[in-house]
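Here is a brisk report on one model. Keep the sequence and the coordinates at hand.

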Amino acid sequence: MTQFQSTLLRLLDERGYIHQQTDPAGLDALASKQVIPGYIGFDATAPSLHVGSLVQIMMLRRLQQTGHKPIVLMGGGTTRIGDPTGRDESRKMLSDETIEANIASIRMIFSRLLTFGDGPTDAVMVNNHDWLGKLGYIELLQQVGTHFTVNRMLTFDSVKLRLEREQPMTFLEFNYMILQGYDFRHLAQTAGARLQMGGSDQWGNIVNGVELGRRMDQAELFGLTTPLLTTADGAKMGKSAAGAVWLNEDALPAWDFWQYWRNCDDRDVGKFLRLFTDLPIDEVARLEALSGSEINAAKVVLANEVTKLCRGEEAAKAAETTAAATFAAGGIGADLPELAVPTDGIALVDALVGIGFATSRGEAKRLVAGGGARLDGVSITDESYRISGDCGEIRLSSGKKKHGVLRSA
């Protein structure tokens, strides 16, 4: 572990956030003597971010916790273009109204994890459409275009991989890295930003911004990226068997969010506790050292701490109470998903689809045939099984980890 002098880089280093830096010694020295405004960009392609973005949000939280200033850059302008990084096809174009609505919705998660205001270390949220939308094309070509070579742009993974796969890349997308570099220069001039952070896939774009600021303004800017975050089984963070793990409550119920963390791989517990909670490092070390069935206690702590940060303390408590009632006592927790059973009853496969445990009747039938569907703990393997309309209250389970409640209408 590198011996940094600044509180910021020591914290980021010991908790596992650092992958690459443009100038570690320079950033360390600067962070030791002054407040650093630093930013991360988020495109507004959906009404909520998912847990794949949480490590970046936590980086902004760490920035603020160590006495620096977080800048949340919402890509109201760049969302209209689409980042080609890691994609094989062009992003669907969204309307201005949809993008603005998405930004308003996304702000919710940042308001939970950051303190906004007018103080020197208070967070601010800005929208790059405010300046990119006013930037003339000729002006952009003259001022910025001369500092980028097509030769170099073709070497970046976001472009190279798309071309190697013989997937079309529009000229619109090709400009994304130029606009992202311009964002850094603009924020350096208007908000004093000295640091841009992001995932490892953004390294090339971040370096572009650092170099653009140096060439145009002789500014000393810095870049830092996090490691590519995957689960122990190699899956990309942010996805589950049921789909994206959204951060906003209206996109994913707190129970399902809590369950995602409770069901993580044993090997991921320590890493997730360091990255996604504020627990002291000593306590993280104690928890990740637990073995056998005791590691489940650490997973409950993880689920509670992350849910508390992202959804609030009440949501975390409700989810844990529901888990205790559902698993330990074999009962029905109050926070489980519910489905009303019509008076004339409902087929088991339709109930599995209706409550969200299967995406189609075909998938539900396979689940039943494989013995994965249970009613009040009893396995049902009859694909034609029908639940009575006067069933009262029944616990419906899919496998060992998904549970819901069926209630007579």
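## Helix 3

Just after helix 3, Gly 67 adopts a positive phi of about 85°. Helices here are DSSP runs of H or I with at least four residues, strands are runs of E with at least two, and both are numbered from the N terminus. This is a predicted model: local features need pLDDT of at least 70, side-chain atom pairs count only at pLDDT 80 or more, and totals for chains, interfaces and linings use all residues. Residues are numbered from 1 along each chain as its sequence is written, and side-chain values use heavy atoms, with hydrogens and water left out.

Helix 3 covers residues 54-65, twelve residues. From first C-alpha to last it reaches 16 Å, close to the 16 Å expected at 1.5 Å a residue; the expected span is 1.5 Å times one less than the number of residues. Eleven of the twelve residues are buried, so helix 3 is largely enclosed by the rest of the structure. Buried means under 20% relative accessible area, exposed over 50%, and partly exposed in between (1.4 Å probe, protein chains only). Among the buried residues are Arg 61, Arg 62 and Gln 64.

## Gln 56

Gln 56 lies in helix 3. Its relative accessible area is 9%, so Gln 56 is buried. The Gln 56 side chain makes a polar contact with the side chain of Thr 226, at 3.0 Å. A polar contact is a pair of N or O atoms within 3.5 Å; within protein, one must be able to donate a hydrogen and the other to accept it, and residues adjacent in sequence count only if both atoms are side-chain atoms.

Leaving out residues up to four places away in sequence, Gln 56 touches Ile 40, Phe 42, Gly 198, Gly 199 and Thr 226. Contact means heavy atoms within 4.5 Å.

An open sheet of six strands runs in the order 1-6-5-2-3-4, with mixed pairing. Strand 1 (20-21) and strand 4 (124-127) are the edges; each has a single partner strand, so one side of each lacks a neighbour in the sheet. Two strands pair if DSSP finds at least two bridges between them.

Strand 3 (residues 69-74) pairs with strand 4 in the parallel sense, over four bridges. Leu 73 stands opposite Val 126 in strand 4. Helix 10 (residues 176-191) packs on the sheet and touches strands 2, 3, 4, 5 and 6. The direction of helix 10 makes about 145° with that of strand 2. Axes are lines fitted to C-alpha atoms, for helices over the stretch in contact, and angles run from 0 to 180 degrees between N-to-C directions.

## Strand 15

Strand 15 (residues 402-408) pairs with strand 9 (residues 338-341) in the parallel sense over four bridges. Ala 340 stands opposite Arg 407 there. Strand 14 (residues 393-398) pairs with strand 15 in the antiparallel sense over six bridges. Arg 395 has Val 405 as its bridge partner in strand 15.

## Cysteines

Cys 264 is buried at 7% relative accessible area. Cys 310 is buried at 3%.

## Glu 363

Glu 363 sits in helix 18 (residues 361-369). Glu 363 is partly exposed, with a relative accessible area of 30%. Beyond its neighbours within four places in sequence, Glu 363 is in contact with Phe 357 and Ala 358. Val 353 is ten residues from Glu 363 in sequence and 8.6 Å away in space, C-alpha to C-alpha.
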